[in-house]
Amino acid sequence: MSLPASAAPPGPRPTRAQLLVTCLVDHFAPDAAEAVVQVLERAGVEVIVPDGQTCCGQPACNAGARADAAAMARHTIALLERDPAPIVVPSGSCTDMLVHQAAALLADDPAWEARAREVAARTYEFTQFAVDVLGLSPACRGAGTIAYHACCHGLRGLGIDAQPRHLLGTVDGAAVVALPEADTCCGFGGLFAVKLPDISGAMLDRKCRQIAASGADTIAVTDISCAMHMQGGLDRRGIAVTVRHIAEIVADGAA
Amino acid sequence: MTRPLFPADVRARLTASGPAVPHPGPFPTVPMPATLDEAIAQFTVACEAVGGRVSRVTTSDEAAALALGYLESPEWRRTGDDLPAYVAWDEAHLPLPGVIAGLAHRTTRLEAQVSRDAAARTDDCDRLDRAIVGITGAHAALVDTGSVALVHGGGRPRLASVLPPVHIALVPVSLLHMTLGALMAAQPDLLRGAANVVLVTGPSRTADIEMTLTRGVHGPRLVHVVFVG
Amino acid sequence: MNSPSPLPFYTRAQRALVDDNLQKALDIATGRMMVARRQAIGLIADGEAARDQARQIRAHTIANLGTYLDQFVANAQAAGAHVHFAADAEAATRLVVSLAQRHEVRRIVKGKSMVSEEVELNHALEAAGMRVVETDLGEYVIQLDKDVPSHIIAPIIHKTKEQVAETFRRELQATDTDVAGIPEMTAFARRMLRAEFLAADMGISGVNFAVADSGSLCLVENEGNGRLSTTVPRVHVALMGLERIVPNAQDLAVALRVLARSGTGQPLTVYTNMITGPRRDDDPDGPSDLHIVIVDNGRSRLLRTELEEILYCIRCGACLNACPVYQEIGGHAYGSVYPGPVGAVYTPGAFGLEPWSDLPQASSLCGACKEACPVRIDIPRMLLALRAQAETHGLTPRWVGAGLHVFRIAATRPWLFRLASTVSRLMASWLGPRGFDNLPGPLAGWTRHRHFPAMARQTFTERFREKGRR
């Protein structure tokens, strides 16, 4: 598998990292954050969890509530600035928020825009950090059949695709199969799923059919938001497939 | 001119300054294949992929025989016509002028001139609609898309390549260009020089109904590019 | 067409979701076009470079639109064309009607033109007593059915062949043989329309590109109806959007290199018509008069705004095919001539946000449109900008804005966020220890299609701190 040129900043491999847990992972999938910590610590990276974490403002940004989004972005940026260590986020959407959207939201305040860019420059989605920065190829072990679904903001916002596929390529004991239309949106889209639920539901339906057709019993993703949506759809349709954060699969195998 | 074309408010918006965006400059063109045979082979693949036919001839007899094959085929025959009819560009604009002579006696050549007068115009168009075959020259052939470029003008009627169900384009092999970009770069005044230039890339087609490809809609069902030389 | 349908967007979308014929047609059509596009762009070695070049050309042109329009107008006039300007839809239709009257036109054939759909030209011409016939096969069926197109380049993507056959039988007395299959129906339409072409006084077309340095119009098409409409009748009227300009013929070649490949997957459309003025003195055929109508209708208002980039669009339709929302609901639900992702930006941008504020919401912001766009238009960015405008102007549901505002108050005060977190987890563990299947209020939509998961009893942060870690 070919990897993109490393996005790692020149210099020594980091020994500390800040974990931006993200509110959804904190409240709905704490195991995913535990898994991130395990993987990083096994790679010799000390993980700190800055105090005062809430929400990065991504949902408000997507809804067009710019003032609210900017306020939450400022809050998040301020708490990540207290430490110079790189920032690891177990979510493509929240990473994209910090890396691309925050500076745009704060563009009318040059000082804050600069602070947003400084934080953006050392913010990484989990698989990006694991592969591009740490160069990990952990010897994972798994079971069953795993397929990868590419969450949109990671894939098209951040260009993440090779990294998670690389990590899954190292899983031992499990078969990794292709998911048809793996790069098609699952229909989550944040408030989209709540505001236009039937359109979102139709997209979800298609995704569930593809998942069922793939023969996988586990779907690996980089975003818990999409996982909640897909798992909720699979459960409702009685399809016995588990959607898991990729960090959990990586952590499992190497235990 | 009595008054400006654009009202003041529109003009103001059109000319409002923004960040400068430079023109990217010319786009590099794909190189031609090393040999003529390769170029023709590549053209043929592209043209056949879109449903066109490609031949290469050296004499007007060969070209005339090819045209007669279509003109006298029962597939295209029109009831009520004694001799099958065709319309063609003037001999001066065909790379093999002898083709027209080769078709005499067995076919009818239709006069291609369309009147500017409204009533006569309809009669002219009705007359031309009887043609089974249209024979044209070409200004260029594009290797990478299998297209022929038709530059219309005196002695080169537009309708010859669109009304009949069969279009035969005679193209000297010296007129091959790799891409449209290469043609435009070589001849920057091409568009200014004629009121009507058309690139033809295969036979007329539609996929409007259920995305199912059907060839031969309003234009020819059959396009045959005949390289000369 | 730039007045929204009486039904709200979401109601139209819900109807589309349960229309079996539409669902079947959309699956086939968008799937095929996506595959074709990927293959076609992938097939040429310089495909990605051509996209970059095309984007830069469009950006440069739009940044200097006034200069290039002036150049185009001067060159078109020098070639003998009459050039007109229409500020809005009403001016455009009035102008074309008066041109038709001045030329004593009774019969009109039309090639495919988005602008003419946009300004509802047919109604105006018919009201003035003229016979107007759409000649693109799809548009012809649409006209016979009094329907509206549902895709920029595949207008009857929403119809099955059985529905088309029924239309031909009902409206044109076609026999069973005439409609036995798709080739027979196509041949039947050819016969019907050939008579219309030969008898027409005026041909109306759209314009894909207008070349500034030669005053040329470029029209692309596959059927030949565009060629006939612009060649047989004695008068040709071309309607072009204000932004259709490219600087020169080499730039045109680049735009054409990506247009058809992105739209239908063809290397070039069958016909690429390049028209520079009316029939010249020694031309044996062609229209004696060429009128070019430059239509603004909201376009110039987008210049130098955060939506300016949508004017780069070359109308290939790739973003429609790539969009998972379009794939589910088709074009009609959008209610605009310009559906799909590009339409969700262009329609509210050019025609006004207030009546069209639903459209920018109709996206999961997945970015497939931007990825598919041959000129890499950042549609998601502009959807966000329009959502922000809608929010500012109070055009979004109040519960969304109010809810986010309350959320922000908590999210900028960690103590309050922790308190709210503890309370909601307590309530959730009490009300739904295994999650929820029937939530009330705004979340009812979620549980209609999916289970809502249980909240963690203990957050990750609490676990982490319990271990004494920072």
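User: Which residues of H12(A) meet A:Leu204, A:Lys207, A:Cys208 and A:Ile211 in H11(A)?
Analyst: This is a predicted model, in which local features need pLDDT of at least 70, side-chain atom pairs count only at pLDDT 80 or more, and totals for chains, interfaces and linings use all residues. Residues are numbered from 1 along each chain as its sequence is written, with chains lettered from A and ligands numbered from 1 in the order in which they are written. Helices (H or I, at least four residues) and strands (E, at least two) are DSSP runs numbered from the N terminus, and contact means C-beta atoms, placed from the backbone, within 7 Å. On H12(A), the residues met by those four are A:His229, A:Met230, A:Gly233 and A:Leu234.

User: Are H11(A) and H12(A) roughly parallel or roughly perpendicular to each other?
Analyst: Their axes come within 10 Å and cross at roughly 75 degrees. Axes are lines fitted to C-alpha atoms, for helices over the stretch in contact, and angles run from 0 to 180 degrees between N-to-C directions. Angles under 35 degrees count as roughly parallel, over 145 as roughly antiparallel, 65 to 115 as roughly perpendicular and the rest as oblique. H11(A) and H12(A) are therefore roughly perpendicular.

User: How do the residues of the contact of H11(A) with H12(A) divide by class?
Analyst: Ala, Val, Leu, Ile, Met, Phe, Trp, Tyr, Cys and Pro count as nonpolar, Asp, Glu, Lys and Arg as charged, and the others, Gly among them, as polar. The division is five nonpolar, two polar and one charged.

User: What is the relation of H4(A) to H6(A)?
Analyst: Helix H4 (residues 66-80) and helix H6 (residues 110-121) of chain A pack with axes 10 Å apart, at an angle of about 55 degrees. That angle makes H4(A) oblique to H6(A).

User: Which helix gives the largest share of the side of chain A that touches chain C?
Analyst: This contact takes 54 residues from chain A and 51 residues from chain C. Several helices of chain A each supply at least two residues, including H1 (23-28), H2 (30-42) and H12 (224-236). The largest share, eight residues, comes from H11(A).

User: Which strands stand at the edges of the open sheet of chain A?
Analyst: Four strands with parallel pairing have the order S8-S6-S9-S10, where two strands pair if DSSP finds at least two bridges between them. An edge strand has a single partner, so one side of it is left without a neighbour in the sheet. The edge strands are S8 (175-177) and S10 (242-245).

Methods:
Two residues are in contact if their C-beta atoms, placed from the backbone, lie within 7 Å.
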